[in-house]
Amino acid sequence: MDFKKIDDGQLIQWIARSNSDALSELYDRYSRLVFGVALNTIGDQAVAEEITQDVFMRVWERAGTYQAEYGKVAGWVASIARNRAIDVYRHRQSSSEARSTSLDDLLDFDPPDSQDVEREVELGSQRQRLRQALFELPKEQRQALALAYFRGYSHDEVAKALGEPLGTVKTRIRLGMQKLRQIFDEENG
Amino acid sequence: MPTGSELSENHVSDLIPGYALDCLDSPERLLVSEHLAHCSQCQAELQGYRMVVDNLYLAAPQAAPPPGLKAKLLGDIPKKQPSYITEKPASIWERLRSSLSSNAPAWALAGLVIVLILAGSNLWLWQRGNRLAAAAPGNFRVIAMAGTDQAPKATGVLVMNPEGDQGTLVVDDLPPLDGSHQYQLWLLQNDQRDSGGVFSVSPAGYGSLMVNSERPLYQYTGFGITIEPAGGSPGPTGDKVMGGKLPQSRLLPFRSPRQPSHLSAQVRPSLSARLRPAFQSLALDR
């Protein structure tokens, strides 16, 4: 079986049957995404490695629970990575393990000009349009969205992290989401 | 809390982006959840924003992990326990079971009977407090909940009243979670996942939850419990730790204590009354 030639959904089915070669191929496809999410959230290379390993271990254990009607495999893997990274981040915060990080350096989405051609072809034009849309948002809106998405912060936590009034942060997140929603609706409508 | 301007025309439109992103505080989240339960317009809005959140990963930064990580992963298969499940101390219940291990089957059965009786009597007392007027008697329904690989020792029952609008969940041996997580009960029907509430467990893994449902509980086909951020999530996102199905042919009848039968009127209340203090003291000791 050449796993490089089968789609993500079939790959998951093979992983559910405990085929480690299938897991190896899934890792090749999405380890950059998982490691990137973890590193962006935590800011610590060693911890991001642990999270990445844990995420693929969970995929190995839970592949049988994946349901295609709920979304693409990439989104499923990314949601596991995001949830796991947020869990670890909160745990480290509560135990004072986290080192101080610069929001400007760490918490943002991938800028459109950082992509390489190969990855862009792989993930499609929707990714490019989404990233373009995100970077057309005012930086303040994008940063508030990034804190809520990557760190799982509440409005109040975002406001404290940014040193901004709560109402201002609520407005930024709402306006940012409305703009992205508009772009999705235009593409899908 | 939202202001009047945020709730234009009694809808919660301005809060839905934050709800989809799961960044509302608890009162706001509760407000939106309650509104969504009966507003199709806001449900459609939420779907649109969830599509945005579900696709934000496309814009997540990517970075190459170190070369040796893949080999380490493949070498570490199979599993390990998630670190946010805290180490659980041995409980009195566990020590008791251990000391009586030679009679394990009998004690396991006795434990289940105690849980069933306690769950049923809890629900009965709870209902009696809420509704003094007598309702039509009928059969309680009991759904057995079993632990998944994430919580293989967990056991539990969901008892629903004859009308199906109220139930009580009792679980045991669920791993205690850290302060930022809680368990959340999900009511399952095809692709639909309705929240049945969130709960925590004692250090020994015991927990209970009263469930109110606008829709009769017996109309759901199954029930699941996942680990979610404290306060709960709009939909299941974390590990599934327990589950139970409701096949119509396998319902276990549990006669209401109010029912005028010899068994319920004479035996079960007195048995329950005798067991309750012992069980409660056991729970308090954990």
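# A two-chain predicted model

Mentor: Buried residues make up 48% of the 286 residues in chain B, where buried means under 20% relative accessible area, exposed over 50%, and partly exposed in between (1.4 Å probe, protein chains only). This is a predicted model, in which local features need pLDDT of at least 70 and side-chain atom pairs count only at pLDDT 80 or more, while totals for chains, interfaces and linings use all residues. Residues are numbered from 1 along each chain as its sequence is written, chains are lettered from A and ligands numbered from 1 in the order in which they are written, and side-chain values use heavy atoms, with hydrogens and water left out.

Trainee: What share of chain A counts as buried?

Mentor: Of the 189 residues in chain A, 53% are buried.

Trainee: Why is A:Arg172 called buried?

Mentor: A:Arg172 has a relative accessible area of 16%, and the limit for buried is under 20%; therefore A:Arg172 is classed as buried. A:Arg172 lies in helix H10 (residues 166-188) of chain A.

Trainee: Which residues are in contact with A:Arg172, leaving aside its neighbours within four places in sequence?

Mentor: They are A:Glu140, A:Gln141, A:Ala144, A:Leu162 and A:Glu164; contact means heavy atoms within 4.5 Å.

Trainee: How many helices and strands do chain A and chain B have?

Mentor: Chain A has 10 helices and zero strands, and chain B has seven helices and nine strands. Helices (H or I, at least four residues) and strands (E, at least two) are DSSP runs, numbered from the N terminus. Along its sequence, chain A reads α-α-α-α-α-α-α-α-α-α.

Trainee: What makes strand S4 (residues 181-189) and strand S5 (residues 192-199) of chain B a pair?

Mentor: Two strands pair if DSSP finds at least two bridges between them. S4(B) and S5(B) have seven bridges, in the antiparallel sense, so they meet that rule. Within this pair, B:Leu187 has B:Asp194 in S5(B) as its bridge partner. S4(B) and S5(B) also form a hairpin with two residues between them, and B:Asn190 in the turn has a positive phi of about 55°.

Trainee: Why is S4(B) described as mostly covered?

Mentor: Nine of the nine residues of S4(B) are buried, so each of them falls under the 20% limit. Both faces are covered: B:His181, B:Tyr183, B:Leu185, B:Leu187 and B:Gln189 are buried on one side, and B:Gln182, B:Gln184, B:Trp186 and B:Leu188 on the other. S7(B) is mostly covered as well, with seven of its eight residues buried.

Trainee: What does the figure for area buried between chain B and chain A stand for?

Mentor: Buried area is the accessible area (1.4 Å probe) that two parts lose on being put together, summed over both. For chain B and chain A this comes to about 5200 Å², 60% of it on carbon and sulfur atoms. B:Tyr57, B:Leu58 and B:Gln62 supply 14% of the area that chain B buries against chain A, more than any other three residues. The contact takes 53 residues from chain B and 63 residues from chain A.

Trainee: Why is the link between B:Lys70 and A:Asp28 called a salt bridge?

Mentor: A salt bridge is a side-chain nitrogen of Lys or Arg within 4 Å of a carboxyl oxygen of Asp or Glu. The closest N and O atoms of B:Lys70 and A:Asp28 are 2.8 Å apart, so the pair qualifies. The count between chain B and chain A is five salt bridges.

Trainee: Which helices of chain B each supply at least two residues of the side that touches chain A?

Mentor: They are helix H1 (16-20), helix H3 (40-55) and helix H4 (68-76). H3(B) gives the largest share of that side, eight residues.
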